[in-house]
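Hi,

Here's the structure I promised to pass along.

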Amino acid sequence: MHPTRAESYDVVVVGGGSAGVAAAVAAARIGARTLLVEAAGFLGGAATLRNVLTYCGLYTLGPKPRPAVGGIAQEVLAALRALGALVGPKRFRGVFVVFDPEAVKRVLDDIALEAGVDVLLHALLIAAERDGNAVRAVTVQDRSGPRRIEARAFVDASGDCDLVYFAGASTRYGNRGFINMGTLGTRFGGIPREVPVSAARWSKAIRAAKARAFRTSPKKPGSWCGCRSRATSSPIWSPRNTTPGTRPASAPRRCADAARFGTRESRHVDALYQVTAEDLRSGARFPDGIALGAWASEFHDPATLGSSFEKPGSETYDIPLRALMSRDVSNLFAAGRTADGDRMAGASLRVMGTAFATGQAAGVAAAHCAAQGSVSADEVRKALAAQGALLDGENLPGPVAIEA
Ligand SMILES: Cc1cc2nc3c(=O)[nH]c(=O)nc-3n(C[C@H](O)[C@H](O)[C@H](O)COP(=O)(O)OP(=O)(O)OC[C@H]3O[C@@H](n4cnc5c(N)ncnc54)[C@H](O)[C@@H]3O)c2cc1C
């Protein structure tokens with residue numbers, strides 16, 4: 001047994017996806033000594049681990065799309081563009097950008113390093129300790145053994161809400177028995193570069209392959225292409241289920257090459273406020289709005305395998321700071337898909353573009369909490385505005401050009 005190493009920070013962020021990187025960078029930039037803990041060997045979360053290769057939620061979905069997320073997300077886009085690793089914005093149902101996941105790893109490393117974030121890779125959060133109604137420390141496990149890390153404030157950007165759960169704060173799995181279905185994002189190889197790829201061609205090819213009872217993926221040299229379809233979805237996938245034998249991911253895995261099964265929804269924090277379907281439909285505004293939701297409510301129903309795509313009623317809705325604040329632990333913030341939304345709203349605010357925005361807000365709030373012992377929504381909004389975040393849904397920047 002190796003001795004437990006002890007360390008201390010102002011802010012610890014768990015999870016190095018879009019939300020976690022934005023949280024850690026935002027906290028460090030306002031002076032908090034910040035640690036970012038990531039289980040994988042690189043940053044990016046679903047963008048680099050699960051073949052999710054488009055950032056959604058960055059632009060409004062109307063006829064003239066405008067930016068809805070600023071700040072750190074736009075810095076990431078600019079750096080990806082400078083590397084020639086970004087295409088878009090494009091429109092297909094929604095408005096999104098497409099990126100090269102290897103470039104995402106590099107850009108997120110750079111942005112975290114420049115901000116002075118300490119990054120711990122290959123490090124899994126395994127426990128959290130409470131002191132009354134605050135989290136006092138977390139334990140992470142890396143290849144040198146356990147580390148106990150104290151901090152004054154914490155952000156859960158793990159996607160699965162592991163930190164909130166281990167801290168004994170209130171969480172729930174999905175929403176009232178509904179859970180947004182998981183899908184295995186896949187990449188197909190052996191496609192000659194000159195062959196044009198479109199959704200219609202994919203559907204035709206998959207139908208033809210099924211008709212031939214096609215079972216294995218071709219492993220030929222050539223270009224690779226991403227795909228997420230009903231064929232690679234699993235109505236019984238649960239990220240909490242690690243029991244061998246049940247293996248809900250194994251059926252889709254037989255169809256194609258893939259990395260890790262994609263989770264659209266898991267545990268949420270039970271926060272001081274839950275963003276609702278009504279907020280999305282009415283374009284709700286809140287005095288403590290710290291991010292804008294712009295993506296549609298995209299719920300993939302495991303019961304029917306059908307998908308909804310209900311756009312926000314007035315292009316954007318506010319996500320209030322209270323939706324990121326644990327209702328029973330004072331120094332604990334949630335960001336990305338762990339934030340509190342009901343079935344409809346959660347199915348919108350979960351996307352990676354919006355995760356950058358809620359992450360940045362959670363990082364600023366955690367840094368303020370670490371410095372002052374409390375959080376003022378006005379001060380968080382001011383600090384976010386100074387970091388380039390977009391908070392005023394009624395006065396967005398001008399329209400962007402959509403690529404054909
Ligand atoms: C099939 C599919 C398609 C999707 N399509 C899109 C799309 O096109 N565009 C879009 O924007 N969004 C899409 N989404 C949604 C999106 O991928 C997620 O909702 C989004 O990644 C949430 O960001 P996040 O930062 O909260 O979490 P994640 O990106 O999941 O990052 C969480 C990170 O935390 C780490 N972590 C987890 N537990 C621990 C632990 N205990 N200790 C340490 N680290 C831990 C993980 O390794 C991971 O890196 C899709 C999702 C799926 C499943």
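A137 sits across from E150 of β9. The two strands behind that pairing are β8 (residues 134-142) and β9, which pair in the antiparallel sense over six bridges; strands count as paired if DSSP finds at least two bridges between them. A hairpin of two residues takes the chain from β8 to β9. Strand and helix labels are DSSP runs numbered from the N terminus (helices are H or I with at least four residues, strands are E with at least two).

Before I go on: this is a predicted model, so local features need pLDDT of at least 70 and side-chain atom pairs count only at pLDDT 80 or more, while totals for chains, interfaces and linings use all residues. Residues are numbered from 1 along each chain as its sequence is written, and side-chain values use heavy atoms, with hydrogens and water left out.

Back to β9 (residues 145-156). This strand is mostly covered, with nine of its 12 residues buried, where buried means under 20% relative accessible area, exposed over 50% and partly exposed in between (1.4 Å probe, protein chains only). β9 also runs parallel to β19 (residues 332-334), joined to that strand by three bridges. There, V155 has F333 of β19 as its bridge partner.

Next, a separate note on an open sheet: three strands in the order β3-β5-β4, with antiparallel pairing. β3 (54-56) and β4 (86-92) are the edge strands, each with a single partner strand, so one side of each has no neighbour in the sheet. From one strand to the next, the twist averages 30°. β4 and β5 (residues 94-99) run antiparallel and are joined by five bridges, and L86 has F99 in β5 as its bridge partner.

Now the helices. α10 (residues 352-372) packs with α11 (residues 377-386) at an angle of about 125°, and their axes are 10 Å apart. That makes α10 oblique to α11: under 35 degrees is roughly parallel, over 145 roughly antiparallel, 65 to 115 roughly perpendicular, and the rest oblique. Axes here are lines fitted to C-alpha atoms, for helices over the stretch in contact, and angles run from 0 to 180 degrees between N-to-C directions.

The contact (heavy atoms within 4.5 Å) involves Q360, A361, V364, A365, H368 and Q372 on α10, and E379, V380, A383 and L384 on α11.

Cheers
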